[in-house]
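Notebook open, and I'm working through one structure today. I'll jot down what I look up as I go.

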Amino acid sequence: MATPSKSKVFEDWMEWLNRRGLDWGEPCCWACGRHWGEKYCIDNPQASREEIIDNWNNVPLQICHIIPRQFGGEDDPINLFLMCSDCHDKAPNTRSREAFLEWVEKQDYYADLGERLERELKNFGLDARLEEVNAIMVDEQLKKELLRSVGLHMNQARGGSQITLSSIVAVLAEKLNSKLTEY
Ligand SMILES: [Zn+2]
């Protein structure tokens with residue numbers, strides 16, 4: 001059997017996704033819930049069922065086996081699952097569908113991001129200065145400056161494909177420290 005398209009996999013899982021409270025028009029990783037903002041969102045409330053289903057082919061999610069091929073898992077939508085590349089890397093190789101789905105329940109991209117951010121803030125000694133950090137994040141002008149500086153860092157990086165959390169926090173730290181000397 002040829003591997004079905006992402007849309008086909010989505011179609012088979014629609015009811016399950018619905019029960020989990022996932023909006024079909026806002027594609028995200030089925031494990032961690034990571035989504036891509038407006039880029040793949042279907043805003044149009046008049047969108048047809050076909051449009052919504054088709055849209056899942058465009059999302060940067062990977063088709064993953066619940067039971068891997070080496071354990072006899074088939075390329076059938078019931079054994080396939082859409083996940084981001086990070087979750088695909090981390091997912092358990094198991095013969096148990098239940099174990100896989102239990103693992104899925106425990107993934108949370110945004111909680112992880114919060115924890116990583118907290119760690120990076122600590123690394124730069126900013127964890128005690130959360131009020132100042134928050135003040136920067138709500139100040140539009142400062143936020144723009146911050147993003148520009150991160151962009152600069154990104155271009156210098158090898159490949160420059162990803163803005164890391166630590167580079168954002170590093171710029172934030174620079175900003176806060178230079179602000180201190182202004183006073
Ligand atoms: Zn994920």
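Cysteines come to mind, and I look for disulfides: the structure holds zero. For my own notes, a disulfide is a covalent bond between the sulfur atoms of two cysteines. The cut-off used here is a pair of cysteine sulfur atoms within 2.5 Å. I check C41, and it is in no disulfide; the nearest cysteine sulfur belongs to C28 and is 9.9 Å away. C41 is partly exposed, since its relative accessible area is 22%. I look at C32 as well, and that cysteine is buried because its relative accessible area is 9%. My scale for these words is: buried under 20% relative accessible area, exposed over 50%, partly exposed in between (1.4 Å probe, protein chains only).

Before I go on, I note that this is a predicted model, where local features need pLDDT of at least 70 and side-chain atom pairs count only at pLDDT 80 or more, while totals for chains, interfaces and linings use all residues. Residues are numbered from 1 along each chain as its sequence is written, and side-chain values use heavy atoms, with hydrogens and water left out.

Next, the overall layout. I find eight helices and two strands in the protein. Helices (H or I, at least four residues) and strands (E, at least two) are DSSP runs, numbered from the N terminus. Read from the N terminus on, the elements go α-α-β-β-α-α-α-α-α-α. I also look up how much is tucked away: buried residues make up 35% of the 183 residues in the protein.

F10 sits in helix 1. Is F10 buried or exposed? F10 counts as buried, because its relative accessibility is 0%. I then check F10 against F81: they are 71 residues apart in sequence, yet 8.2 Å apart in space, C-alpha to C-alpha. W30 I find in the loop between helix 1 (6-19) and helix 2 (49-55). W30 is buried too, with a relative accessible area of 1%. From W30 to C84 I get 54 residues in sequence and 8.1 Å in space, C-alpha to C-alpha.

Now the charges. Side chains of opposite charge can pair when their charged atoms come close. How many salt bridges does the structure hold? It holds four. To count, a side-chain nitrogen of Lys or Arg has to be within 4 Å of a carboxyl oxygen of Asp or Glu. I write down some of them:

- D12 and K8 meet through their side chains at 2.9 Å, N to O. Both lie in helix 1, four residues apart, about one turn of the helix. D12 is partly exposed at 45% relative accessibility, and K8 is partly exposed at 37%.
- D75 pairs with R69, with the closest N and O atoms 3.3 Å apart. D75 is buried, because its relative accessibility is 10%, whereas R69 is exposed, with a relative accessible area of 52%.
- R129 pairs with E132, with the closest N and O atoms 3.0 Å apart. R129 is buried at 16% relative accessibility, and E132 is partly exposed at 29%.

Last entry: which residues form the negative surface patch? I list D108, D112, E115, E118 and D127. Patch residues have over 30% relative accessible area and no salt bridge; like charges are joined within 9 Å, and nonpolar side chains (Val, Leu, Ile, Met, Phe, Trp, Tyr) within 5 Å. Asp and Glu count as negative, Lys and Arg as positive, and His and the chain ends are not counted. I pick out D127, which I find in the loop between helix 5 (109-123) and helix 6 (130-138). D127 is partly exposed, since its relative accessible area is 36%.

Key: Areas by Shrake-Rupley, 256 points an atom, 1.4 Å probe, with all protein chains shown as cover. Charge placed at Lys NZ, Arg CZ, Asp CG, Glu CD.
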